[in-house]
Amino acid sequence: MRKIYVFDTTLRDGEQSPGVNLNTREKLEIAYQLEKLGIDRMEAGFPAASPGDLAAVDAVARAVKNVTVIGLSRSRESDIDAVREALKGAQDPCIHLFLATSPIHRQHKLRMEKAQVLETAQAAIRYAKKYFSKLEFSLEDAGRTELDFMAEVVAMAIREGANVVNIPDTVGYLNPSEYGAIFKYLKENVPDIDRVQLSAHCHNDLGMATANTLAAIQNGADQIEGTINGIGERAGNTAIEEVAMALETRSEFFGAKTGLVLSEISRTSRLVSKLTGMVVPGNKAIVGANAFAHESGIHQDGMLKEKTTYEIMTPETIGLKESKLVLGKHSGRHAFRDKLSDLGYDLPEDELNAAFAKFKDLADKKKEVSDEDILALLEERLVNTPEVFSLRTLYVTYGNEATPTAKLVLNGPPEEPIVAVAEGNGSVDAIYNAIDQATGEEVKLDDYSIKSVSQGKDAQGEVHVILSQGIVAAAGRGLSTDILEASARAYLDALNKLIEKRKTYTKRENAHL
Ligand SMILES: CC(=O)SCCNC(=O)CCNC(=O)[C@H](O)C(C)(C)COP(=O)(O)OP(=O)(O)OC[C@H]1O[C@@H](n2cnc3c(N)ncnc32)[C@H](O)[C@@H]1OP(=O)(O)O
Ligand SMILES: CC(C)C(=O)C(=O)O
Ligand SMILES: [Mg+2]
């Protein structure tokens, strides 16, 4: 199996993400984790950029032991000197020089002719080679450079002693077949091309960074450059974890692998996200929160029967404990039963069906149904409350300068639904006045409490109330994603129990007489 070297530039190109600024301590923390991940080369920064970055590269270079530490430099002596200063404590230092080669960059940015570009790059490599035995040269914007000029620059870099030549698609412009063809062309047309390693460095402007990097590998690239979570300038760089897992999962196709410790991927991703403040989208390949989560019933059923039905790689490979079956409105009975069994419930079929119906009602209102939600649903199911009155609809109007008003419709003993409208001192008071009016019951509210039984903005609210009527008292509980509805349900629950209890008291009193 061919080994693909991994050049991580999370601390340099990754730090070029707008809004990201890593201090020395943070760079060190990421560097240690990248070392555990098993990357081969680490670009720790751009020492000429600022004294702070020079100090950070210096600190990383002294700290990591098993990785080549690299500093980036323009093709200028002052930048090269800054890298010398930053890497003087490194065990295995390497300088990374770059100069743009495309017509657009030559004409508008560098304002150089082709010959000047060649001369500038050559002079910089010669100067840097006096101090560094390891040197990488990058042809910035190679992706938009004329092939014959690119070959000329690459040949010069090889003659001058570069160890690695990098072919960046700096602006993420190419597609896989074009990018792969460049590597093939260089391999076939540049003398002594096998004296250097060829490197792929892609950006994700058109969402093709990973595909382009893989195409480069198929066409002879020895090294890939990228960042963790794909962070970086504009739409970011190639996500290293994606390339590593593509090579791992499809090794029979690519015949190449990185030496990464794959089980460190998840931990590294979380650390980089935390320290850069760049949130990983849920659907991000490999490291997104949903990458190993299954929500729909048919997929969950497949997963329960055989994981390979819907997973092409295991979460354990990247250091996660397990896949997640997330209960939501698309889930089915198989996953629901499995969840109940995890929670310690083994319900007979009819009870399972009743609980499943309630779960579907709740799932229509919530994005994700949590374990707490399910427990709350089950507890409600286990309490056998006779339903004299039940809630059909509820409308509440509230304004800080208006009197809260509740309009509700109840199912009750009369055939027809009962409608009531009432005002109150607050929304809950208005609801309770409306229920009193609808039911014709006179009760006293002795206690009211509310708590959240699950997390997030769409958490279920649980309301507890105690009602009394003379010597009879009853407690009620209501559950809903809306606290006003939960309040109404709790009140009706207590009222129904109170009516039931009252019958017993009335019998006893009659017996007494
Ligand atoms: C594709 C990439 O990711 S390249 C890396 C990009 N990263 C960064 O730019 C981050 C760090 N950069 C910085 O802190 C600053 O840009 C510095 C300190 C490097 C330079 O700052 P300044 O001296 O103020 O120059 P400024 O950034 O405005 O302009 C860049 C200059 O470098 C020149 N230049 C650009 N690339 C190169 C290169 N590879 N070799 C030599 N000169 C270059 C430009 O032509 C321009 O020169 P000019 O001043 O003669 O017009
Ligand atoms: C400095 C170079 C390698 C770069 O980041 C790019 O061209 O994208
Ligand atoms: Mg780049």
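Two strands are taken to pair if DSSP finds at least two bridges between them. In the predicted model described here, an open sheet of three strands with antiparallel pairing meets this criterion, in the order E15-E16-E17. Strand E15 (444-452) and strand E17 (472-480) lie at the edges of the sheet, and each has a single partner strand, so one side of each is left without a neighbour in the sheet. From one strand to the next, the twist averages 15°. E15 and strand E16 (residues 461-469) run antiparallel and are joined by eight bridges. Within this pairing, serine 449 stands opposite histidine 464 in E16.

Another open sheet consists of three strands in the order E12-E13-E14, and its pairing is antiparallel. Its edges are formed by strand E12 (390-397) and strand E14 (418-423); each has a single partner strand, so one side of each is left without a neighbour in the sheet. Strand E13 (residues 405-411) pairs with E14 in the antiparallel sense, over six bridges. Valine 409 has valine 419 in E14 as its bridge partner.

The overall dimensions of the protein chain were considered next. The chain has 17 helices and 17 strands. Its radius of gyration is 33 Å, well over the 24 Å that the globule rule gives for 513 residues, so the chain is more spread out than a compact globule. Taken along the principal axes, the box filled by the C-alpha atoms is roughly 115 × 55 × 40 Å.

One helix pair was examined. Helix H7 (residues 176-189) and helix H8 (residues 209-218) have axes that come within 8 Å and cross at roughly 35°. The crossing of H7 and H8 is right-handed. On the H7 side, the contact involves Pro176, Ser177, Tyr179, Gly180 and Phe183, which meet Ala211, Asn212, Ala215, Ala216 and Gln218 in H8. By class, six residues of this contact are nonpolar and four are polar, with no charged residues.

Ligand 1 is surrounded by 15 residues, of which the closest are Phe46, Ala49, Arg74, Ser75 and Leu99. Strand E4 (93-100) and helix H4 (103-110) are the elements that give two or more residues to this shell. The shell around ligand 1 comprises six nonpolar, three polar and six charged residues.

Around ligand 2, the residues are Asp13, Leu72, Phe98, Ser138, Glu140, Asn166, Pro168, Thr170, His201 and His203. At least two residues of the shell around ligand 2 come from each of strand E5 (135-140) and strand E6 (164-169). By class, this shell divides into three nonpolar, five polar and two charged residues.

Note on methods:
Residues numbered from 1 in each chain as written. Chains lettered and ligands numbered in written order. Predicted model: local features only at pLDDT ≥ 70, side-chain atom pairs only at ≥ 80, totals over all residues. Axes fitted to C-alpha atoms, helices over the stretch in contact; angles between N-to-C directions. Helix = DSSP H or I, 4+ residues; strand = E, 2+ residues; numbered from the N terminus. Left-handed = near helix turned anticlockwise from the far one by under 90°. Contact = placed C-beta atoms within 7 Å. Nonpolar A, V, L, I, M, F, W, Y, C, P; charged D, E, K, R; others polar. Near = placed C-beta within 6 Å. Rg over C-alpha atoms; globule rule 2.2 N^0.38 Å.
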